[in-house]
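Thanks, everyone. Let me walk you through one chain this morning. Have a look at the display first, then we start.

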Amino acid sequence: AVWATEGEGGTARGGGVWFVHGGPRCGPGFRLARWMDDHHAILEKDYVIVKVMGGLDENVDKVLDELPREKFGIPWHAITEPDGTVLVTSEGPLGNIGMPGSVEGIRHLRQMLEQTVQTLTPNEIDALAASLMPKR
């Protein structure tokens, strides 16, 4: 797979690889990247996060060609095994969740985590999901 080098970190820790495809002027992609950075200490327990940006990263098309995509916008993301086997994508029942902000999007992200988690606790998953809820 194109991401063999990145996946080695996941293999060493027994975790997955979380690929995020965004764009340089994508507001939701920027918010998702910021959210992942803000929660890196939790997410890194199970995932190596790899962000690729269309128009800036020369291998973005090679990476995306190896991932199953339907119609999608950006950000689009997938969690894979270190060897590239896709476990789950951001394509939920209502389409691509992008930067989850709706109840349905947050529910799908929670399912993505629950399907791929190895060491995160239910409380940590709850905290991640709660951090995405709109502030009132």
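One definition before anything else: helices are DSSP runs of H or I, at least four residues long, numbered from the N terminus. And please keep in mind that this is a predicted model.

With that, take helix α5. Arg110 and Glu114 both sit in it, four residues apart, about one turn of the helix. They form a salt bridge, with the closest N and O atoms 4.0 Å apart. Arg110 is partly exposed, at a relative accessible area of 25%. Glu114 is partly exposed as well, at 44%.

Asp126 is partly exposed, with a relative accessible area of 36%. Put together, Arg110, Glu114 and Asp126 make a network of salt bridges.

How many salt bridges does the count come to? Four. One of them joins the side chains of Asp37 and Lys51, at 2.8 Å from N to O. That pair links distant parts of the chain: Asp37 is in helix α2, residues 27-38, and Lys51 is in strand β2, residues 47-53, 14 residues away. Asp37 counts as partly exposed at 46% relative accessibility. Lys51 is partly exposed too, at 36%.

Back to α5, for its geometry. It has 14 residues, 103-116. At 1.5 Å a residue it should span 20 Å, and its end C-alpha atoms are 20 Å apart, which agrees. Now, which residues of α5 are buried? Gly105, Ile106, His108, Leu109, Met112, Leu113 and Thr116. Looking down the axis of α5, these buried residues fall within an arc of 160 degrees, so they line one face of the helix.

The largest nonpolar core has 20 residues. Those with the most contacts inside it are Trp18, Trp35, Met36, Leu43, Tyr47, Leu109 and Met112. Strand β1, residues 16-22, and helices α2, α5 and α6 each supply at least two residues of this core. Take Leu43. Leaving aside neighbours within four places in sequence, Leu43 is in contact with Trp18, Trp35, Met36, Ile49 and Leu128.

Last element: β1. Is it enclosed or open to the outside? Seven of its seven residues are buried, so β1 is largely enclosed by the rest of the structure. Both faces are covered. On one side we have Gly16, Trp18, Val20 and Gly22; on the other, Val17, Phe19 and His21.

What pairs with β1? First, β2: the two run parallel, joined by seven bridges. Then strand β3, residues 76-80, which pairs with β1 in the antiparallel sense over five bridges. Val20 shows both pairings. Its bridge partner in β2 is Lys51, and in β3 Val20 stands opposite His77.

Note on methods: Residues are numbered from 1 along each chain as its sequence is written. This is a predicted model: local features need pLDDT of at least 70, side-chain atom pairs count only at pLDDT 80 or more; totals for chains, interfaces and linings use all residues. Side-chain values use heavy atoms; hydrogens and water are left out. The expected span of a helix is 1.5 Å times one less than its number of residues. Buried means under 20% relative accessible area, exposed over 50%, partly exposed in between (1.4 Å probe, protein chains only). The arc is that of the directions from the helix axis to the C-beta atoms. A nonpolar core is a set of buried Ala, Val, Leu, Ile, Met, Phe, Trp, Tyr and Cys residues joined through side-chain atoms within 4.5 Å. Contact means heavy atoms within 4.5 Å. Two strands pair if DSSP finds at least two bridges between them.
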